[in-house]
Amino acid sequence: MSSAGEGLSRPLPEQVRLHVVEVAAQVLGSMAAAAVPPPLRGIAKFDPRKRARLGGTPIAAQLETDKKFRELVAESLETAWPELVASLAEGTVPPAADPVLVAAAAYLTRPPGWPDLVEQARADLERSASVDTQREQAESRLREQLAAQRASAKEEVDRVREQLRAARAENADLRRKLHDVRERVKAAEERAAALETETAEARSRAASANGAAETELRRLKERLADAERQLEASRRAAREGRSVEDARIRVLMDALQDAAAGLRKELALPTTISRPADYVTAVAPGEPSVSAVPARALANDDPQLLDQLLAIPNLHLIIDGYNVTKTGYPTLTLADQRARLLTGLGGLAVQARVEVTCVFDGAELNGPVQASAPRGVRVMFSAPGEIADDLIRTLVRAEPTGRAIAVVSSDREVADSVRRMGARPVPSLLLLRRLGRG
C-alpha cells in the first residue's frame with residue numbers, strides 16, 4: 001500500500017473515475033446493510049443498473065475519503081484481476097494492459113508510486129484520446145472526401161445516365177429512321193422490279209410488233225417487186241406485140257398439143273377427128289403431171305425419179321444453182337461451180353428436150369456476172385436486194401396453171417413454197433446423180 005503523503009495533483013481522468021465508480025457500485029450492492037457507509041446506504045438501494053449512474057459522485061467522494069471502503073473495493077478488484085494487482089505491487093505494468101484498468105487498480109490498491117501510474121495512464125489516455133481525435137478527424141476528412149467523391153460520382157452517374165438516355169433516344173430515332181429508309185428502299189425496289197417487268201413486256205411487245213412490221217414490210221416489198229416485175233414483163237410483151245397472158249396461153253396450148261401428140265403416138269390413134277366410141281361417156285385417163293410422179297415406189301434420191309419427171313411433155317425444169325453446186329462441189333470457186341453445173345445442164349437439155357432455167361443468187365454481186373449459157377439452158381441472176389429463192393417463186397408463179405414444173409433445190413422453205421404453188425420439188429442430190437450418170 002502507499003504512504004500517507006502520496007496523492008494526486010489532479011482529479012482522476014474521467015474514464016478512470018467512471019470505472020472506479022462502476023466497480024464500487026457493484027461492491028456496494030453485495031455488502032451487508034450494516035457494513036454500507038452511511039452516505040451510501042440510500043444509493044445501495046438503487047437498481048444495479050442505476051446505481052453507478054445516479055450515485056457516481058457520492059461513491060467517488062466516499063472512495064476518496066473512506067479508506068476502509070476503498071480497501072474493500074480494492075479487494076474485489078484483486079479478486080477479479082490478481083495478476084494486474086500483483087504486477088502493480090511489484091512496480092511493473094503488464095505490457096498491453098488497458099490504461100484505464102491500470103489507473104483504476106493503482107488508485108484503489110495504492111501501491112508505491114501509484115500517482116505516477118495514474119499520471120502515466122492519464123498520459124496514455126490523453127495520447128489515445130489525441131490519436132482517437134486525430135483518427136476521428138482523419139475519418140471525418142475521409143468521410144467528407146468520400147461524401148464529396150460520392151457526390152461527384154453521383155453527378156457523374158447522373159450525367160452518364162442522362163447521356164445514356166439521350167443516346168438511347170437518339171438510337172431509337174436512328175432505328176426508326178433506318179426502318180423508314182428500309183421501307184422506302186423496299187418500296188423503291190418493288191417499283192423498280194415492276195417497272196423492269198413492264199419494260200420487258202413493252203420491249204417484248206415492241207419486238208413482236210417490230211417483227212410483225214418487218215414481216216409485213218418484207219411481204220409488201222415482195223408484192224411490190226412482183227408487181228414491178230409483172231409490169232416490166234407486160235411492158236416488154238407489149239413492146240414485142242404480145243401480152244403475158246398471150247404468152248401463157250401460147251405455152252399452155254403448146255403443152256396441150258405436145259401432150260395430145262404424144263398420147264396419140266403412144267396409143268397409135270388414127271388421125272380422124274372422132275369415132276362413135278368417142279361419144280360414149282366414160283372416165284378418161286388423166287394427163288401426165290408432176291403430181292403423179294413417181295408412178296411406182298421410188299426413193300427421193302433415185303435418178304429414175306428425175307427421169308420420169310423429164311419424160312413429162314413440155315416440162316419446165318427450174319434449178320437453184322448455188323444450192324446444187326454447194327451440195328455437190330462446195331470446194332470450187334463460184335465461177336467454177338457455175339461452169340461445171342451449166343455444162344452438165346447443157347447435156348441434160350439436149351437429151352430431155354425440156355425447158356431448163358438455172359437461177360443463181362446475185363444479191364451480193366457488185367455487177368453483172370459473165371456466164372456462158374449452153375444451148376437450151378436459160379441462166380438468170382437475182383436482182384440486187386433480191387435472193388434466188390424469190391426469183392424461183394416468181395418463175396413458178398409466172399407459169400400458167402396446169403403446166404408441169406419441177407424445182408431442183410434442197411432448201412426446205414423453197415420446196416414447201418413451190419409445192420403449194422403446184423410445182424414438184426426435187427432434191428439437189430437427185431440432179432447431181434443424174435448429171436453424174438451422163
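Biologist: How far apart are N and O in the salt bridge of Arg176 and Asp173?
Modeller: In a salt bridge, a side-chain nitrogen of Lys or Arg lies within 4 Å of a carboxyl oxygen of Asp or Glu. The side chains of Arg176 and Asp173 meet in one. From N to O, the distance is 2.3 Å.

Biologist: What pLDDT must side-chain atom pairs have in this model?
Modeller: Residues are numbered from 1 along each chain as its sequence is written, and side-chain values use heavy atoms, with hydrogens and water left out. The model is predicted: totals for chains, interfaces and linings use all residues, local features need pLDDT of at least 70, and side-chain atom pairs count only at pLDDT 80 or more.

Biologist: Which helix holds both Arg176 and Asp173?
Modeller: Helices (H or I, at least four residues) and strands (E, at least two) are DSSP runs, numbered from the N terminus. An α-helix has 3.6 residues a turn, so residues three or four places apart point the same way. Arg176 and Asp173 are three residues apart, about one turn. Both lie in helix 8.

Biologist: Is Asp173 buried, partly exposed or exposed?
Modeller: Buried means under 20% relative accessible area, exposed over 50%, and partly exposed in between (1.4 Å probe, protein chains only). The relative accessibility of Asp173 is 23%. Asp173 therefore counts as partly exposed.

Biologist: Which residue forms a salt bridge with Glu139?
Modeller: The closest N and O atoms of this pair are 3.8 Å apart. Glu139 is partly exposed, at 34% relative accessibility. Its partner is Arg143.

Biologist: How many residues apart in sequence are the parts tied together by Glu355 and Arg403?
Modeller: Glu355 and Arg403 form a salt bridge, with their closest N and O atoms 2.5 Å apart. Glu355 lies in strand 2 (residues 355–360), and Arg403 in the loop between helix 13 (388–398) and strand 4 (405–408), so the pair ties together parts whose separation in sequence is 48 residues.

Biologist: What is the relative accessible area of Arg403?
Modeller: Arg403 belongs to a network of salt bridges with Glu355, Arg378 and Glu399. Glu355 is partly exposed at 24%. Arg403 is buried, with a relative accessible area of 8%.

Biologist: Which residue of strand 2 stands opposite His316?
Modeller: Two strands pair if DSSP finds at least two bridges between them. Strand 1 and strand 2 run parallel, joined by five bridges. Opposite His316 stands Glu355.

Biologist: Which residues point the other way from His316, Ile318 and Asp320 in strand 1?
Modeller: In a regular strand the side chains alternate between the two faces of the sheet. In strand 1, five of five residues are buried. His316, Ile318 and Asp320 point one way. The other way point Leu317 and Ile319.

Biologist: Which residue of strand 4 is the bridge partner of Ile318?
Modeller: Strand 1 and strand 4 run parallel, and four bridges join them. The partner of Ile318 there is Val407.

Biologist: How wide is the arc covered by the buried residues of helix 10?
Modeller: Helix 10 (residues 303–310) buries Pro303, Leu305, Leu306, Leu309 and Leu310. They sit on the same side of the helix, because their arc (taken from the directions from the helix axis to the C-beta atoms) is only 155°.

Biologist: How many salt bridges are there in the whole structure?
Modeller: The chain has 15 helices and five strands. Of its 438 residues, 28% count as buried. A search of the whole structure gives a salt-bridge count of 15.
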